[in-house]
Amino acid sequence: APVAWYGRYQWYGRSLAYWAARPPTVSTMLGGLDDVHAADVAASLAFIDALRSDAARPLPDGVALDCGAGIGRVSASVL
């Protein structure tokens with residue numbers, strides 16, 4: 001067990017050193033892929049439209065959209 005724990009702590013230490021050496025920006029977090037592409041936004045909007053148009057399962061009033069899957073790059077354009 002001590003070897004497994006040591007490996008885990010070593011991994012966290014390397015991760016901490018990696019992020020500490022980089023600027024705290026959206027571009028850094030996304031590896032330089034911080035542009036919002038029209039296709040990403042269009043796909044998200046199409047998904048929401050599909051949910052809203054399903055007459056067999058209408059969305060009730062007062063529902064919310066959980067956008068917690070990322071850092072908000074696409075959500076900012078969708079909402």
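**Aromatic pairs and a nonpolar patch**

Modeller: Tyr12 is partly exposed, its relative accessible area being 48%; buried means under 20%, exposed over 50%, and partly exposed in between, with a 1.4 Å probe and protein chains only. The model is predicted, so local features need pLDDT of at least 70 and side-chain atom pairs pLDDT 80 or more, while totals for chains, interfaces and linings use all residues. Residues are numbered from 1 along each chain as its sequence is written, and side-chain values use heavy atoms, without hydrogens and water.

Colleague: How many aromatic pairs are there?

Modeller: Rings of Phe, Tyr and Trp (its six-membered ring) pair if their centres lie within 6.5 Å; planes under 30 degrees apart are stacked, over 60 edge-to-face, and the rest tilted. The count here is two. Trp11 and Tyr12 are edge-to-face because their planes stand at 80°, with the centres 5.0 Å apart. Tyr18 and Trp19 are also edge-to-face, at 5.0 Å centre to centre and 90° between the planes.

Colleague: Which residue lies over the face of Tyr18?

Modeller: A charge sits over a ring if NZ of Lys or CZ of Arg is within 6 Å of the ring centre and within 35 degrees of the ring normal. Arg22 does so, 3.5 Å from the ring centre of Tyr18.

Colleague: Which residues make the nonpolar surface patch?

Modeller: Tyr18, Trp19, Val26, Met29 and Ile71 make this patch of about 510 Å². Among them, Trp19 is partly exposed at 39% relative accessibility, and Val26 is partly exposed at 46%.

Key. Patch = residues over 30% accessible without salt bridge, like charges linked within 9 Å, V, L, I, M, F, W, Y side chains within 5 Å. Areas by Shrake-Rupley, 256 points an atom, 1.4 Å probe, with all protein chains shown as cover. Salt bridge = Lys/Arg side-chain N within 4 Å of Asp/Glu carboxyl O.
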